[in-house]
Amino acid sequence: MAQEENMTLFEHLEELRDRLIKTLGALGVATLLSIIVARRALQLLIAPMGESKPVALHPTASIISYFKISLILGTVLAMPVIIYQFIRFVVPGLTSQEKRYLYVIVPGATISFALGVTFAGLVILPFSIKYLQGFMSDIIRPTYSIDRYISFVTSVLFWVGLSFETPLVIFFLAKMEVVNVQFLTRSRKYALLIVAVLAAVITPTPDPFNMLIVMAPLVLLYELGVLLARLA
């Protein structure tokens, strides 16, 4: 611990560089592996459009969209390495007991992110795309470019996946004694307000029903985080 505390600024920057290299390396390998299933994932993501098909407005639009899908899938696969490298940099001097929590946090963060991406892809997007396609469809024909559509989709997948990390973030903060159960309980009304704002930002439509679809799991995730903080 003393050695960690006495590290110079340059040593911290070197450690940051090394951990970024490992993180980017894992993300690169995972993205390359994800190329194998990216086509199938793309078919699932454009399925909510029904019989309509997105169009490519420039020569590289299709391949860029293909790699965006590979990147989001690669992020899911590389999440164990990403979380591990982040924690080891933020909290370098872990005791042997604290290191054991990594065996819970690292796979838990991976599963949480994957569940968030799955929830966004199978629940939020179908409702959202159906609503957007039907809005003023009597006077406007919805035709989407593939690059804009995939940018929209990957943004929703990423942020919903990230929001599913909330319980583990709360657990981690509780272990660091940054927050406690009493604080989280007193702050519940503010948390609900923040959840409502996040749901409004994440939800791609002004439809309150779609907003509630996002809010409900976020509220449950916060309550799960309070329970984990109690255990911490």
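Q: A polar contact is a pair of N or O atoms within 3.5 Å; within protein, one must be able to donate a hydrogen and the other to accept it, and residues adjacent in sequence count only if both atoms are side-chain atoms. With that in mind, what does the side chain of Ser-128 reach?
A: The side chain of Ser-128 reaches the backbone oxygen of Ile-124 at 2.8 Å, and this distance counts as a polar contact because the limit is 3.5 Å. Ser-128 itself is found in helix α5, which covers residues 102–134.

Q: How do you know where confidence is lowest and where it is highest in the chain?
A: The guide is pLDDT, the predictor's confidence in each residue, from 0 to 100. Helix α1 (residues 2–5) has the lowest mean, 47, whereas helix α2 (residues 9–46) has the highest, at 88. For the chain, the mean is 82, and 91% of the residues reach 70 or more. Where pLDDT is low, the predicted coordinates should not be read in detail.

Q: Why is Ser-128 called buried?
A: Buried means under 20% relative accessible area (1.4 Å probe, protein chains only), while exposed means over 50% and partly exposed lies in between; Ser-128 has 0% relative accessibility, and therefore counts as buried. Buried residues make up 40% of the 232 residues in the chain, and those of α7 are Pro-167, Leu-168, Ile-170, Phe-171, Phe-172 and Ala-174.

Q: How many helices and strands does the chain have?
A: Helices (H or I, at least four residues) and strands (E, at least two) are DSSP runs, numbered from the N terminus, and by this count the chain has 10 helices and zero strands.

Q: What share of the contacts in the chain with a separation of 6 or more comes from residues 24 or more positions apart?
A: A contact means heavy atoms within 4.5 Å, and residues 24 or more positions apart account for 82% of the contacts with a separation of 6 or more.

Technical notes:
Residues are numbered from 1 along each chain as its sequence is written. This is a predicted model: local features need pLDDT of at least 70, side-chain atom pairs count only at pLDDT 80 or more; totals for chains, interfaces and linings use all residues. Side-chain values use heavy atoms; hydrogens and water are left out.
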